[in-house]
Amino acid sequence: MIKGQHDIVIIGGGLFGLYSASLLLEKGYNVGLVEMEQDYFKRASGINQARLHSGLHYPRSFDTAQKLIGNFERFATEFDAALHRSFDNYYCIPNEGSKTTVENFEQLGKRFGNLVVESNIPNYLNLDKTSNCFKITEYSLNLNELKNILLSRIESYSDRFTSYLGTDVKTIRKVGDEFRLELAEEELIASQVVNTTYSSVNLILNNLNDMLYRVKYELCELAVVITEKFKNVGVTYVDGPFFSLFPLGDSGVSTLSSVKYTPIHTSDTSVPEFPCQKFRSDCSSNSLQNCNTCSYRPDSQWLKMSDQASEYLNDWDGRYENSLFAVKIKLQHADEDDARPTLITSSLQNKGLHTILSGKISDIYEVKEFIDRSF
Ligand SMILES: Cc1cc2nc3c(=O)[nH]c(=O)nc-3n(C[C@H](O)[C@H](O)[C@H](O)COP(=O)(O)OP(=O)(O)OC[C@H]3O[C@@H](n4cnc5c(N)ncnc54)[C@H](O)[C@@H]3O)c2cc1C
(Lines give C-alpha, C1' and ligand atoms only; values in the text may rest on other atoms or scores of the structure.)
Protein backbone atom coordinates (compact mmCIF):
# COMPACT_ATOMS: atom_id res chain seq x y z
CA MET A 1 0.00 0.00 0.00
CA ILE A 2 1.35 3.45 -0.97
CA LYS A 3 1.97 5.68 1.99
CA GLY A 4 1.56 9.45 2.15
CA GLN A 5 3.01 11.26 5.13
CA HIS A 6 1.73 14.68 6.20
CA ASP A 7 1.91 16.91 9.26
CA ILE A 8 -1.84 17.25 9.12
CA VAL A 9 -4.56 15.42 7.21
CA ILE A 10 -7.88 17.19 6.74
CA ILE A 11 -10.88 14.97 6.06
CA GLY A 12 -13.54 16.80 4.02
CA GLY A 13 -13.26 19.16 1.05
CA GLY A 14 -16.10 21.55 1.82
CA LEU A 15 -15.75 25.17 2.87
CA PHE A 16 -14.40 24.32 6.32
CA GLY A 17 -11.89 21.80 4.99
CA LEU A 18 -10.55 24.13 2.29
CA TYR A 19 -10.48 27.12 4.61
CA SER A 20 -8.62 25.11 7.28
CA ALA A 21 -6.18 23.90 4.61
CA SER A 22 -5.43 27.45 3.47
CA LEU A 23 -4.70 28.57 7.05
CA LEU A 24 -2.55 25.56 7.94
CA LEU A 25 -0.57 25.92 4.71
CA GLU A 26 -0.03 29.59 5.49
CA LYS A 27 1.50 28.47 8.79
CA GLY A 28 4.00 26.25 7.00
CA TYR A 29 2.51 22.78 7.53
CA ASN A 30 2.51 19.96 5.03
CA VAL A 31 -1.18 19.21 4.50
CA GLY A 32 -3.07 16.32 2.92
CA LEU A 33 -6.79 16.70 2.23
CA VAL A 34 -9.08 13.72 1.60
CA GLU A 35 -12.43 14.28 -0.11
CA MET A 36 -14.62 11.35 -1.13
CA GLU A 37 -16.35 13.27 -3.95
CA GLN A 38 -14.60 13.86 -7.28
CA ASP A 39 -14.59 17.61 -6.59
CA TYR A 40 -14.78 20.04 -3.67
CA PHE A 41 -18.01 21.67 -2.43
CA LYS A 42 -20.24 18.81 -3.58
CA ARG A 43 -22.18 18.48 -0.32
CA ALA A 44 -23.42 21.12 2.15
CA SER A 45 -20.92 23.78 0.99
CA GLY A 46 -22.19 23.60 -2.58
CA ILE A 47 -25.78 22.82 -1.69
CA ASN A 48 -27.27 25.34 0.69
CA GLN A 49 -29.41 28.44 0.64
CA ALA A 50 -26.32 30.57 -0.07
CA ARG A 51 -27.34 33.17 2.47
CA LEU A 52 -24.70 35.29 4.12
CA HIS A 53 -26.60 35.57 7.38
CA SER A 54 -27.12 38.87 9.14
CA GLY A 55 -28.20 37.04 12.30
CA LEU A 56 -31.86 38.06 12.19
CA HIS A 57 -32.86 34.61 10.94
CA TYR A 58 -32.38 33.43 14.51
CA PRO A 59 -34.38 35.81 16.72
CA ARG A 60 -34.66 33.25 19.55
CA SER A 61 -30.95 32.57 19.83
CA PHE A 62 -29.15 35.75 20.79
CA ASP A 63 -25.76 33.97 20.72
CA THR A 64 -26.26 32.76 17.15
CA ALA A 65 -27.61 36.12 16.00
CA GLN A 66 -24.78 38.04 17.66
CA LYS A 67 -22.10 35.80 16.21
CA LEU A 68 -23.53 36.06 12.69
CA ILE A 69 -23.81 39.83 12.74
CA GLY A 70 -20.26 39.98 14.11
CA ASN A 71 -18.93 38.05 11.11
CA PHE A 72 -21.18 39.57 8.45
CA GLU A 73 -19.10 42.53 7.21
CA ARG A 74 -15.83 40.70 7.72
CA PHE A 75 -16.93 37.86 5.49
CA ALA A 76 -18.51 40.24 2.96
CA THR A 77 -15.23 42.14 2.70
CA GLU A 78 -12.98 39.09 2.48
CA PHE A 79 -15.14 37.30 -0.08
CA ASP A 80 -16.59 40.31 -1.89
CA ALA A 81 -15.97 38.71 -5.29
CA ALA A 82 -18.27 35.80 -4.36
CA LEU A 83 -21.22 37.96 -3.29
CA HIS A 84 -24.47 38.83 -5.00
CA ARG A 85 -25.70 42.04 -3.39
CA SER A 86 -28.31 43.56 -5.66
CA PHE A 87 -31.63 42.33 -4.35
CA ASP A 88 -34.13 43.39 -1.69
CA ASN A 89 -34.29 41.16 1.32
CA TYR A 90 -37.24 40.99 3.70
CA TYR A 91 -37.82 39.22 6.99
CA CYS A 92 -41.52 39.02 7.78
CA ILE A 93 -43.51 38.03 10.83
CA PRO A 94 -46.70 36.18 9.90
CA ASN A 95 -50.01 36.97 11.57
CA GLU A 96 -50.25 33.55 13.10
CA GLY A 97 -48.00 30.78 14.34
CA SER A 98 -44.67 32.58 14.81
CA LYS A 99 -42.55 31.97 17.90
CA THR A 100 -41.31 35.57 17.59
CA THR A 101 -43.36 38.74 17.92
CA VAL A 102 -42.90 41.86 15.83
CA GLU A 103 -41.70 43.64 19.00
CA ASN A 104 -39.06 40.99 19.73
CA PHE A 105 -37.83 41.11 16.18
CA GLU A 106 -37.72 44.90 16.19
CA GLN A 107 -35.72 44.90 19.42
CA LEU A 108 -33.18 42.50 17.97
CA GLY A 109 -32.98 44.61 14.82
CA LYS A 110 -32.32 47.73 16.88
CA ARG A 111 -29.58 45.99 18.83
CA PHE A 112 -27.96 45.19 15.52
CA GLY A 113 -28.50 48.77 14.40
CA ASN A 114 -27.71 49.42 10.80
CA LEU A 115 -29.09 46.19 9.40
CA VAL A 116 -32.75 47.14 9.60
CA VAL A 117 -33.24 49.44 6.69
CA GLU A 118 -36.97 49.99 6.92
CA SER A 119 -40.15 48.47 8.24
CA ASN A 120 -42.88 48.16 5.64
CA ILE A 121 -44.86 45.53 3.80
CA PRO A 122 -44.20 45.58 0.05
CA ASN A 123 -47.36 45.20 -2.02
CA TYR A 124 -46.39 41.79 -3.34
CA LEU A 125 -46.77 40.28 0.13
CA ASN A 126 -50.16 39.13 1.39
CA LEU A 127 -51.22 41.73 3.97
CA ASP A 128 -53.82 39.40 5.48
CA LYS A 129 -51.13 36.90 6.44
CA THR A 130 -48.41 39.33 7.53
CA SER A 131 -47.97 41.28 10.78
CA ASN A 132 -44.96 43.25 9.65
CA CYS A 133 -41.88 43.11 7.44
CA PHE A 134 -38.36 44.42 7.77
CA LYS A 135 -36.05 45.16 4.92
CA ILE A 136 -32.68 43.85 5.99
CA THR A 137 -29.37 43.79 4.19
CA GLU A 138 -28.18 40.29 3.41
CA TYR A 139 -26.19 38.88 0.51
CA SER A 140 -26.30 35.71 -1.50
CA LEU A 141 -23.16 33.73 -2.20
CA ASN A 142 -21.87 32.44 -5.51
CA LEU A 143 -20.72 29.20 -3.96
CA ASN A 144 -18.59 28.16 -6.90
CA GLU A 145 -16.74 31.46 -6.76
CA LEU A 146 -16.19 31.00 -3.02
CA LYS A 147 -14.66 27.60 -3.73
CA ASN A 148 -12.40 29.07 -6.42
CA ILE A 149 -11.14 31.83 -4.13
CA LEU A 150 -10.09 29.23 -1.56
CA LEU A 151 -8.53 26.97 -4.17
CA SER A 152 -6.46 29.83 -5.55
CA ARG A 153 -5.14 30.55 -2.04
CA ILE A 154 -4.21 26.89 -1.61
CA GLU A 155 -2.59 26.73 -5.05
CA SER A 156 0.21 29.02 -3.98
CA TYR A 157 1.37 26.33 -1.52
CA SER A 158 1.15 23.42 -3.95
CA ASP A 159 4.58 22.08 -2.88
CA ARG A 160 3.18 21.31 0.58
CA PHE A 161 -0.39 20.35 -0.35
CA THR A 162 -1.67 16.98 -1.56
CA SER A 163 -5.28 16.44 -2.44
CA TYR A 164 -6.80 12.95 -2.37
CA LEU A 165 -10.01 13.48 -4.34
CA GLY A 166 -12.60 10.80 -5.08
CA THR A 167 -11.47 8.57 -2.25
CA ASP A 168 -12.87 8.32 1.24
CA VAL A 169 -11.27 7.64 4.57
CA LYS A 170 -12.38 4.07 5.17
CA THR A 171 -10.80 3.57 8.56
CA ILE A 172 -8.75 5.71 10.86
CA ARG A 173 -6.58 4.41 13.71
CA LYS A 174 -4.21 5.90 16.22
CA VAL A 175 -0.93 4.02 16.40
CA GLY A 176 1.42 5.53 18.96
CA ASP A 177 1.62 9.23 18.20
CA GLU A 178 0.44 8.84 14.62
CA PHE A 179 -2.87 8.56 12.86
CA ARG A 180 -3.14 5.96 10.10
CA LEU A 181 -5.87 6.64 7.58
CA GLU A 182 -6.84 3.92 5.15
CA LEU A 183 -8.06 5.14 1.76
CA ALA A 184 -9.00 2.92 -1.20
CA GLU A 185 -5.43 2.69 -2.50
CA GLU A 186 -3.23 4.54 -0.07
CA GLU A 187 -2.50 4.70 3.57
CA LEU A 188 -1.86 8.15 4.99
CA ILE A 189 0.12 8.89 8.10
CA ALA A 190 -0.22 12.15 10.01
CA SER A 191 0.44 13.45 13.49
CA GLN A 192 -2.74 15.54 13.44
CA VAL A 193 -6.12 15.12 11.78
CA VAL A 194 -8.82 17.75 11.21
CA ASN A 195 -12.28 16.25 10.75
CA THR A 196 -14.44 18.65 8.72
CA THR A 197 -16.92 16.12 7.38
CA TYR A 198 -20.06 17.97 8.64
CA SER A 199 -22.88 15.39 8.43
CA SER A 200 -20.27 12.63 8.78
CA VAL A 201 -18.30 14.00 11.76
CA ASN A 202 -19.69 11.32 14.07
CA LEU A 203 -18.84 8.59 11.58
CA ILE A 204 -15.17 9.52 11.79
CA LEU A 205 -15.33 9.87 15.58
CA ASN A 206 -17.09 6.51 15.82
CA ASN A 207 -14.27 4.91 13.87
CA LEU A 208 -11.85 6.09 16.53
CA ASN A 209 -14.16 5.10 19.42
CA ASP A 210 -14.22 8.77 20.36
CA MET A 211 -17.02 10.76 21.97
CA LEU A 212 -19.87 11.52 19.58
CA TYR A 213 -21.72 14.79 19.23
CA ARG A 214 -25.35 14.74 20.32
CA VAL A 215 -26.88 15.65 16.99
CA LYS A 216 -29.73 15.02 14.65
CA TYR A 217 -29.84 14.92 10.89
CA GLU A 218 -32.21 16.25 8.26
CA LEU A 219 -32.24 15.07 4.68
CA CYS A 220 -33.14 18.41 3.10
CA GLU A 221 -34.53 19.54 -0.22
CA LEU A 222 -34.13 23.03 -1.65
CA ALA A 223 -36.37 23.59 -4.68
CA VAL A 224 -34.68 25.65 -7.39
CA VAL A 225 -37.25 27.97 -8.96
CA ILE A 226 -37.49 30.44 -11.78
CA THR A 227 -39.54 33.50 -10.95
CA GLU A 228 -39.77 36.73 -12.87
CA LYS A 229 -41.72 38.62 -10.23
CA PHE A 230 -39.52 37.68 -7.26
CA LYS A 231 -36.22 37.32 -9.07
CA ASN A 232 -34.60 40.13 -7.14
CA VAL A 233 -36.26 39.50 -3.82
CA GLY A 234 -35.43 37.47 -0.73
CA VAL A 235 -38.40 36.77 1.55
CA THR A 236 -38.28 34.81 4.78
CA TYR A 237 -41.17 34.35 7.17
CA VAL A 238 -39.90 33.75 10.71
CA ASP A 239 -40.11 31.99 13.15
CA GLY A 240 -41.83 28.65 12.72
CA PRO A 241 -43.05 26.31 9.97
CA PHE A 242 -42.88 28.90 7.20
CA PHE A 243 -41.03 29.35 3.92
CA SER A 244 -38.10 31.25 2.50
CA LEU A 245 -37.34 32.37 -1.04
CA PHE A 246 -33.78 33.50 -1.69
CA PRO A 247 -31.71 34.26 -4.82
CA LEU A 248 -29.11 31.58 -5.54
CA GLY A 249 -26.06 33.77 -5.98
CA ASP A 250 -26.32 35.75 -9.20
CA SER A 251 -27.48 32.70 -11.19
CA GLY A 252 -30.89 34.28 -11.87
CA VAL A 253 -32.76 31.44 -10.13
CA SER A 254 -33.85 31.25 -6.50
CA THR A 255 -34.19 28.54 -3.91
CA LEU A 256 -37.46 27.88 -2.19
CA SER A 257 -37.29 26.16 1.17
CA SER A 258 -39.65 25.56 4.02
CA VAL A 259 -39.16 24.74 7.67
CA LYS A 260 -42.11 22.37 7.27
CA TYR A 261 -41.25 20.64 3.99
CA THR A 262 -37.51 21.02 3.36
CA PRO A 263 -36.49 18.35 5.88
CA ILE A 264 -37.90 15.26 4.17
CA HIS A 265 -36.42 12.68 6.51
CA THR A 266 -34.98 13.25 9.96
CA SER A 267 -32.74 11.02 12.03
CA ASP A 268 -32.30 11.47 15.78
CA THR A 269 -29.65 8.79 16.08
CA SER A 270 -25.99 9.64 16.70
CA VAL A 271 -25.08 8.45 13.19
CA PRO A 272 -27.45 9.20 10.31
CA GLU A 273 -30.12 6.60 9.53
CA PHE A 274 -32.57 7.30 6.70
CA PRO A 275 -35.15 4.95 5.14
CA CYS A 276 -33.65 5.37 1.64
CA GLN A 277 -30.32 3.86 2.79
CA LYS A 278 -31.82 0.38 2.52
CA PHE A 279 -31.66 0.72 -1.28
CA ARG A 280 -27.88 1.18 -1.32
CA SER A 281 -25.31 -1.02 0.33
CA ASP A 282 -22.68 1.76 0.27
CA CYS A 283 -24.83 4.33 2.11
CA SER A 284 -25.19 3.48 5.79
CA SER A 285 -24.46 4.72 9.25
CA ASN A 286 -20.79 3.99 8.41
CA SER A 287 -20.61 6.00 5.21
CA LEU A 288 -23.01 8.66 4.04
CA GLN A 289 -23.25 9.07 0.27
CA ASN A 290 -24.27 12.17 -1.70
CA CYS A 291 -28.09 12.56 -1.67
CA ASN A 292 -27.96 15.09 -4.47
CA THR A 293 -26.73 12.55 -7.00
CA CYS A 294 -28.49 9.51 -5.53
CA SER A 295 -31.20 7.73 -7.55
CA TYR A 296 -32.98 6.81 -4.32
CA ARG A 297 -33.33 10.34 -3.03
CA PRO A 298 -36.85 11.13 -1.80
CA ASP A 299 -39.61 12.54 -4.00
CA SER A 300 -39.69 16.31 -4.29
CA GLN A 301 -41.88 18.31 -1.92
CA TRP A 302 -41.81 21.24 -4.33
CA LEU A 303 -45.58 21.44 -4.79
CA LYS A 304 -46.18 21.72 -1.06
CA MET A 305 -43.51 24.39 -0.75
CA SER A 306 -44.96 26.28 -3.68
CA ASP A 307 -48.50 26.12 -2.24
CA GLN A 308 -47.18 27.49 1.01
CA ALA A 309 -45.35 30.33 -0.75
CA SER A 310 -48.47 31.23 -2.73
CA GLU A 311 -50.36 31.86 0.51
CA TYR A 312 -47.98 34.70 1.36
CA LEU A 313 -46.79 36.00 -2.01
CA ASN A 314 -49.34 37.75 -4.21
CA ASP A 315 -49.31 36.41 -7.78
CA TRP A 316 -46.62 33.84 -6.99
CA ASP A 317 -45.20 32.85 -10.38
CA GLY A 318 -42.50 30.36 -9.33
CA ARG A 319 -41.76 27.56 -11.81
CA TYR A 320 -39.93 24.43 -10.78
CA GLU A 321 -36.46 23.99 -12.24
CA ASN A 322 -34.93 21.18 -10.15
CA SER A 323 -34.12 20.21 -6.58
CA LEU A 324 -30.97 20.16 -4.52
CA PHE A 325 -30.55 17.65 -1.72
CA ALA A 326 -28.12 17.62 1.19
CA VAL A 327 -27.99 16.30 4.74
CA LYS A 328 -28.03 18.96 7.43
CA ILE A 329 -26.67 18.25 10.90
CA LYS A 330 -27.99 20.08 13.97
CA LEU A 331 -27.41 19.81 17.69
CA GLN A 332 -30.04 17.72 19.48
CA HIS A 333 -31.28 20.72 21.45
CA ALA A 334 -31.38 23.08 18.44
CA ASP A 335 -35.19 22.99 18.41
CA GLU A 336 -35.38 24.73 21.78
CA ASP A 337 -33.91 28.06 20.68
CA ASP A 338 -32.93 27.36 17.05
CA ALA A 339 -29.24 27.91 17.89
CA ARG A 340 -26.67 27.10 15.19
CA PRO A 341 -23.26 27.11 16.86
CA THR A 342 -20.07 25.89 15.28
CA LEU A 343 -18.41 23.39 17.58
CA ILE A 344 -14.68 22.85 17.48
CA THR A 345 -13.22 20.18 19.73
CA SER A 346 -9.81 18.64 20.22
CA SER A 347 -10.04 15.05 21.40
CA LEU A 348 -8.69 14.06 24.80
CA GLN A 349 -8.73 10.37 23.91
CA ASN A 350 -7.09 10.74 20.51
CA LYS A 351 -4.60 13.56 20.94
CA GLY A 352 -4.10 15.42 17.66
CA LEU A 353 -7.65 14.83 16.41
CA HIS A 354 -9.63 18.04 15.92
CA THR A 355 -13.26 18.12 14.82
CA ILE A 356 -15.03 21.11 13.31
CA LEU A 357 -18.80 20.81 13.20
CA SER A 358 -19.89 23.90 11.34
CA GLY A 359 -23.09 25.83 11.96
CA LYS A 360 -23.04 28.61 9.37
CA ILE A 361 -20.79 29.63 6.52
CA SER A 362 -19.45 32.82 8.11
CA ASP A 363 -18.35 30.81 11.18
CA ILE A 364 -15.05 30.19 9.39
CA TYR A 365 -13.58 32.92 11.62
CA GLU A 366 -14.00 30.62 14.60
CA VAL A 367 -11.80 28.17 12.73
CA LYS A 368 -9.21 30.89 12.20
CA GLU A 369 -9.16 31.69 15.93
CA PHE A 370 -8.84 27.99 16.74
CA ILE A 371 -6.00 27.40 14.29
CA ASP A 372 -4.13 30.51 15.43
CA ARG A 373 -4.44 29.30 19.01
CA SER A 374 -3.70 25.62 18.54
CA PHE A 375 -1.23 25.20 15.68
C1 LIG B 1 -29.94 22.60 3.14
C2 LIG B 1 -28.90 23.47 3.80
C3 LIG B 1 -29.03 24.86 3.74
C4 LIG B 1 -28.08 25.67 4.37
N5 LIG B 1 -28.15 27.03 4.20
C6 LIG B 1 -27.18 27.82 4.71
C7 LIG B 1 -27.16 29.22 4.43
O8 LIG B 1 -27.99 29.74 3.68
N9 LIG B 1 -26.19 29.98 5.02
C10 LIG B 1 -25.25 29.43 5.85
O11 LIG B 1 -24.42 30.19 6.38
N12 LIG B 1 -25.21 28.10 6.09
C13 LIG B 1 -26.13 27.28 5.52
N14 LIG B 1 -26.07 25.93 5.73
C15 LIG B 1 -24.96 25.38 6.52
C16 LIG B 1 -23.68 25.34 5.68
O17 LIG B 1 -23.97 24.87 4.39
C18 LIG B 1 -22.66 24.44 6.36
O19 LIG B 1 -22.41 24.90 7.67
C20 LIG B 1 -21.32 24.38 5.62
O21 LIG B 1 -21.44 24.43 4.24
C22 LIG B 1 -20.65 23.09 5.99
O23 LIG B 1 -19.37 23.07 5.40
P24 LIG B 1 -18.40 21.89 5.75
O25 LIG B 1 -17.15 22.11 5.02
O26 LIG B 1 -18.34 21.73 7.24
O27 LIG B 1 -19.21 20.58 5.23
P28 LIG B 1 -19.40 19.97 3.74
O29 LIG B 1 -19.46 21.00 2.72
O30 LIG B 1 -20.53 18.99 3.84
O31 LIG B 1 -18.06 19.18 3.52
C32 LIG B 1 -17.78 17.94 4.17
C33 LIG B 1 -17.10 17.06 3.16
O34 LIG B 1 -16.64 15.88 3.79
C35 LIG B 1 -16.67 14.84 2.83
N36 LIG B 1 -16.59 13.56 3.55
C37 LIG B 1 -17.47 13.04 4.42
N38 LIG B 1 -17.02 11.86 4.90
C39 LIG B 1 -15.82 11.63 4.31
C40 LIG B 1 -14.85 10.57 4.41
N41 LIG B 1 -15.03 9.50 5.20
N42 LIG B 1 -13.73 10.67 3.66
C43 LIG B 1 -13.54 11.73 2.83
N44 LIG B 1 -14.41 12.76 2.71
C45 LIG B 1 -15.53 12.72 3.45
C46 LIG B 1 -17.99 15.08 2.11
O47 LIG B 1 -18.02 14.47 0.83
C48 LIG B 1 -18.04 16.59 2.04
O49 LIG B 1 -17.59 17.12 0.81
C50 LIG B 1 -27.00 25.08 5.09
C51 LIG B 1 -26.88 23.68 5.14
C52 LIG B 1 -27.78 22.87 4.48
C53 LIG B 1 -27.59 21.38 4.47
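Which helix is the place of Thr64?

## Thr64

Thr64 sits in helix α2, residues 62-78 (helices are DSSP runs of H or I with at least four residues, strands are E runs of at least two, and both are numbered from the N terminus). This is a predicted model, where local features need pLDDT of at least 70, side-chain atom pairs count only at pLDDT 80 or more, and totals for chains, interfaces and linings use all residues. Residues are numbered from 1 along each chain as its sequence is written.

Thr64 is buried because 24 other C-beta atoms lie within 10 Å (the cut-offs: buried is 20 or more, exposed 12 or fewer, partly exposed in between, with C-beta atoms placed from the backbone). Leaving out residues up to four places away in sequence, Thr64 touches Tyr58, Ala339, Arg340 and Pro341 (contact puts the C-beta atoms, placed from the backbone, within 7 Å). From Thr64 to Gly12 is 52 residues in sequence and 24 Å in space, C-alpha to C-alpha.

## Around the ligand

Gly12 is also among the closest of the 34 residues surrounding the ligand, along with Gly14, Ser45, Gln49 and Tyr198 (a residue counts as near if its C-beta atom, placed from the backbone, lies within 6 Å). Two or more shell residues come from each of α1 (15-26), β2 (31-35), β13 (215-226) and β18 (319-331). The largest share, 3 residues, is from α1.

## α1 against α8

Helix α1 also meets α8 (residues 364-374). Leu15, Phe16, Tyr19, Ser20, Leu23 and Leu24 in α1 contact Ile364, Val367, Lys368 and Ile371 in α8.

How values were computed: Contact = placed C-beta atoms within 7 Å. Axes fitted to C-alpha atoms, helices over the stretch in contact; angles between N-to-C directions.
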